[in-house]
Amino acid sequence: MSTSDSNKMAAGDGAGAPPPRKLHDLAYGLERMGLISLRAPVVSAIILVLLCLLAVVGVGRLKVDDSLSQLFRSDTKEFRHYEEVTKRFPSSEFDVLVVVEGKTLMARESIEKLRDLVTDLHLIDSVRGLISLFSARQLPEGGKLPAPVFPETLPTGAEYDALVKRVLSNEIIRGKLLAEDGTLALVVLSLDPKIVSGKGLKTTVDEIRKTMEENLGSTGLTVQLAGVPTMQLEIRNAVERDTLLYNTIGFAAGCLIAIAFFRRVSFMIIAAAPPLIAILLSLGALGWFNFSLNMFLNVMTPLIMVISFSDSMQLTFAARDRLIVGQDKYQAFREAVLVVGPACVLTHCTAGISFIALQFSSSDAISTFGKAGLMATVIALLAVLSLVPLLGVLLIRKTSSFAVGGRGADIGVEALRSFCRWVALRMVSHPGLYSLIGLLVVVGLSVIYINLEPRYRLADQVPDKRQAVEASGRLDAKLTGANPIDVLIEFPKGANLYDDQTLATIAAVHTIVEKQAGVGNVWSLDSLRRWLAEKAGKADLDTLKQYVDILPEHLTRRFVSVEKDAVVVSGRIPDIDASQLLPVVQKLDKALDDVRKAHPGYEIAVTGLAAIAARNSADMIGKLNQALTVEIVFVAAFIGIAFRSFIVMLVSVLPGIFPVVMAGAVLWAMGQGLQFASVVALTVSFGLGLSATIHFLNRLRLEDKPGQDPAIAVERATILVGPALILTSVVLACGLAVMVFSDLPSLRLFGWLSAFAMLAALTADLLILRPTAMYLNQLVRRFRKEPAR
């Protein structure tokens, strides 16, 4: 088949031949929206410029939501407890952890430098309070204020060695602010909440780092930052960096592929500009509707790119074929919209259904991502259908010269068509056998997919190439962990903080928490009471009240509410997978039942971000996976209704499922389970991966003739749409694979897994869809004795 023959076939077997009328019903005429810009190109261009200006303003309104709790933000009892703790005891939410480590940490010179650092950190404006090993006090004597453990002038020689021994054995410091071996110290900075949530966080953290360098730069000690504010800042920086990176690489990749494919700058602009404008309009709309960028919304840029670029390429390719055979530009783009447009509408609808499925998640972050994705999908559809013909009639000038020069220049396209012809001939030669093989492969992969277990780690939400994760790892190794786990104790009405019943309840909870395997570094009001009882030999209420009253308010607020009607017993746990952490939380909660029975009226709840993650992650991932199953059924039914064919519905199932279960098998082979990012990637990829299927079925519907061997229709449809499907699938994969450069592990997973799913979808389209479509078509003709439609 020559280049000219291929182009004529693509143009409808003759220039000027109108597209079959039945194609218009596929999208119920929605594709005709694209004809508006052809009728009024100048007015459309002016409206486009105005919308872009509004979008630029909207992009400026975008904010970043770097909260680590965003995945579990929901209207549940567990999350309400967590929010209550963070509001009434806001310590961990606003703590910057300074981790100082070194073998010479307890040397006199190092301690002097460390104390200078602590003093300078205390003077930073945004620091409301500070806790370190220098906060420890000696026992009160004679009614005087307790003296600090470290005197103002450090002793020397044997006296200093004795001081070090006392410090290492101090129960308030040891294992909490100082490692057992004396090689790691923890300094806790409590920041102003307004600074943490505002733009001043970067300035504050930079000032902390500068102060650390000035004081400890020459000591040989290692100093790192951890804690929620540090992680939030690193997430914020990664999101802002990734947005710029994805825009740049996505733009470059789209332009290069378009130039290589169409060999003309004008066609490069026609194919690449609509997706880029769709990105601008979508991000602008998100800004105007007060969406905040987070770990999921950050993928909007490449996602919009791959959604819209696929159909933009299909439309441009169809118009180009018609221009080559001599049609004028208005007629070429009009017929491209009418023939390819219905499939474009349908592909965006399937992607929209994918996003609708995400909105049923109990996680606010995921459901918000579904809403934003649905909005972006609608904008992308309108942008592609309107802008491709608009730019076509504005940029293409001499159609006659293009028609002459275009012939014979399709060497790359013809090579792809030859490959597609080779694939089609083999697939239609034994359609029953290949359909059976495809079915068995999908069933086998589905068994593996079903056995995937949910996985979640807090560290996967934070840039792993930055300091916070490494510092948290050191705290896990030396001080039992950096992640807080809290037990909230709310008093019954009328109960007092210093009532015997209240103190007994706090003591019982403290004992259970510190005995729980996997939990360490336990702090509460009972820590102070025990220390006074052991060292001073007395723990009467007057002494306890006196000591509590002289403590800084920022310290007491960590464990006692302002109203003194609730307290927190706080511990630390390492950052481990939620499947390993859940048994710890469950055992702790069950052990507290005895305290609840012994002290009725006191509300006791295990909370904290780690506890919420352990309890909810597996359930939420499981529900997302169920939503994916429901989505597959609904999308298949939707395609069947759109094509008005039960056979088409059956045909679309196997190639739709294959990329999902194939990607799941890869996760299983790599020893990974289902994470939030992977389930979302598979959910969205299923909708996007059907693009190739829909465009093939749309062309097959055109080529299928009554009384004709269905193998001919399959072969012709494969040859005509195959090259564009292959190239657009590569564009989809490249656009998603850009995210492997992210500092966020969850985004890297989303990127490579989605890209793999796109290529798996192309494989399914070529090797499963073709023989299945023909085999079912043959069965229909055999049993009904009528031509397939």
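**View 1. Helix 10 passes helix 11 in a right-handed crossing.** A crossing is called right-handed if the near helix is turned clockwise from the far one by less than a right angle, and left-handed if anticlockwise; helices (H or I, at least four residues) and strands (E, at least two) are DSSP runs, numbered from the N terminus. This is a predicted model, in which local features need pLDDT of at least 70 and side-chain atom pairs count only at pLDDT 80 or more, while totals for chains, interfaces and linings use all residues. Residues are numbered from 1 along each chain as its sequence is written, and side-chain values use heavy atoms, with hydrogens and water left out. The axes of helix 10 (residues 265-288) and helix 11 (residues 300-324) come within 8 Å and cross at roughly 150°, which makes helix 10 roughly antiparallel to helix 11. Axes are lines fitted to C-alpha atoms, for helices over the stretch in contact, with angles running from 0 to 180 degrees between N-to-C directions; angles under 35 degrees count as roughly parallel, over 145 as roughly antiparallel, 65 to 115 as roughly perpendicular and the rest as oblique. Among the residues that meet are Phe 267, Ile 270 and Leu 286 in helix 10 and Met 300, Phe 309 and Arg 320 in helix 11, where contact means heavy atoms within 4.5 Å. By class, the contact of helix 10 with helix 11 has 17 nonpolar, five polar and one charged residues, with Ala, Val, Leu, Ile, Met, Phe, Trp, Tyr, Cys and Pro counted as nonpolar, Asp, Glu, Lys and Arg as charged, and the others, Gly among them, as polar.

**View 2. Met 300 lies in the largest nonpolar core.** Of the 118 residues in this core, Met 300 is one of those that touch the most other members, together with Phe 72, Leu 303, Phe 369 and Phe 696. Such a core is a set of buried Ala, Val, Leu, Ile, Met, Phe, Trp, Tyr and Cys residues joined through side-chain atoms within 4.5 Å, where buried means under 20% relative accessible area, exposed over 50% and partly exposed in between (1.4 Å probe, protein chains only). Not counting residues up to four places away in sequence, Met 300 touches Leu 283, Leu 286, Phe 369, Ala 372, Gly 373 and Ala 376.

**View 3. Helix 3 and helix 13 pack with a left-handed crossing.** Helix 3 (residues 41-60) and helix 13 (residues 364-395) pack at an angle of about 120°, with their axes 10 Å apart, and that angle makes helix 3 oblique to helix 13. Pro 41, Ser 44, Ala 45 and Leu 48 of helix 3 make the contact with Leu 387, Leu 390, Val 393 and Leu 394 of helix 13.

**View 4. Asn 290 has a positive phi, near 60°.** Asn 290 is placed in the loop between helix 10 and strand 6 (292-293), and at 59% relative accessibility Asn 290 counts as exposed.

**View 5. Asn 521 also has a positive phi, of about 55°, although it is not a glycine.** Asn 521 is placed in strand 8 (residues 520-523), and at 11% relative accessibility Asn 521 counts as buried.

**View 6. Phe 94 is found in the loop between helix 4 (77-88) and strand 2 (95-101).** At 13% relative accessibility, Phe 94 counts as buried, and the residues that Phe 94 touches include Thr 86, Leu 189, Pro 193 and Pro 229. The C-alpha atoms of Phe 94 and Gly 227 are separated by 8.0 Å, although these residues are 133 residues apart along the chain.
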